[in-house]
Amino acid sequence: MRASIQEAISALSSPLKEAIETLCASPEFDATISAQEYDNLLEITGLSDQDLRVALLPLAAAYSVAPISKFYVGAIARGESGKLYFGANMEFEGVQLSQAIHAEQSAISHAWLKGETALKDITINYSPCGHCRQFMNEINGADTLNIQLPNRDAKLLHEYLPEPFGPADLGIEQPLLAPVDHGLTVSEDNALVQAAVAATNRSHAPYSHNLSGAAIRDINGTVFAGMYAENAAFNPSLPPLQVALIAMNLADADLKDIQEVVLVEKARAVVSHLQDTQAILEALNPDIPLSYLAI
């Protein structure tokens, strides 16, 4: 358990502190709180739903990787299943700022990676920026998504983003998080390649049609995969490597332990993630091998 998480737990008030300490000490803890575990926390603490989610935000923010801004943001997305998914901002030194990951993107991607197909609400410790409001507008359930901030009443996303522009304006009927299988296959018998292809088949790229996925293997042999999350406004789109890095970070794995990366994307697409993927890996460690497959 990283020091920032231990510090966040130690700063919690009892009895939440002891309950979270037990939860996080479990080998199965993966920055996710099940619906049953959350109900238990509500009962143990006596807190309201709103107050408990806000109280948990410092724990989510403890996953933040912010060497540039030193500004640590946490977010908690609640899926239709009732599970809570932590997320935190991530920055990469030596890489253009547009490649940074916002906390809301992290939490949403975390829920997506774990199989959620729609979200009920997102709790954030700071008001969402325009970039994140637009990213949230892409997801399944955006019309009814509640945003919860500390010391404020919950508001619908579209109260923060009035007259929104989104997928429906471009004739897209399948939003981000909706289950898909693009059916792409490769003959290579390589587990990391297959993980990247599986992620590619879950990707959301209705505007460029550059279906793409990435897979990371770390020094322990653990594989973390991520899929492209495209956005109607283009700029808030989240490349597949970033989603894989979110998975790695929230599994409490060290980004310094990356051993190998595979990027898969559609051949002859109008955009490519190759150069940006190379740039991030070069900044993390120039010795990380990157395999690239266009299908």
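Which residues of helix H2 (residues 16-25) are buried? The points below take up this question and then turn to the sheet, the cysteines and the aromatic rings.

1. Basis. This is a predicted model, in which local features need pLDDT of at least 70 and side-chain atom pairs count only at pLDDT 80 or more, while totals for chains, interfaces and linings use all residues. Residues are numbered from 1 along each chain as its sequence is written, and side-chain values use heavy atoms, with hydrogens and water left out.

2. Helix H2. The buried residues of H2 are Leu16, Ala19, Ile20, Leu23 and Cys24. Viewed down the axis of H2, they fall within an arc of 125° and therefore line one face of the helix; the arc is that of the directions from the helix axis to the C-beta atoms. Thr22 and Ala25 are exposed, on the face turned away from the buried side. Buried means under 20% relative accessible area, exposed over 50%, and partly exposed in between (1.4 Å probe, protein chains only). Helices (H or I, at least four residues) and strands (E, at least two) are DSSP runs, numbered from the N terminus.

3. Cover of H2. Helix H1 (3-10), strand S1 (32-33), helix H3 (35-45) and helix H4 (49-61) are among the elements that cover the buried residues of H2. Contact here means heavy atoms within 4.5 Å.

4. Sheet. Six strands form an open sheet of mixed pairing, in the order S1-S3-S2-S4-S5-S6. S1 and strand S6 (155-156) stand at the edges, each with a single partner strand, so one side of each has no neighbour in the sheet. Strands S2 (residues 74-79) and S3 (residues 84-88) pair in the antiparallel sense over five bridges. Two strands pair if DSSP finds at least two bridges between them.

5. Cysteines. The whole structure contains zero disulfides, a disulfide being a pair of cysteine sulfur atoms within 2.5 Å. For Cys132, the nearest cysteine sulfur is that of Cys129, 3.8 Å away. Cys132 counts as buried, at 1% relative accessibility.

6. Aromatic rings. The structure holds four aromatic pairs. Phe71 and Tyr126 form a tilted pair, 4.7 Å centre to centre with 35° between the planes. This pair links parts of the chain that are 55 residues apart. Rings of Phe, Tyr and Trp (its six-membered ring) pair if their centres lie within 6.5 Å; planes under 30 degrees apart count as stacked, over 60 as edge-to-face and the rest as tilted. Ring pairs also link Phe29, Tyr63 and Phe86 into a cluster.
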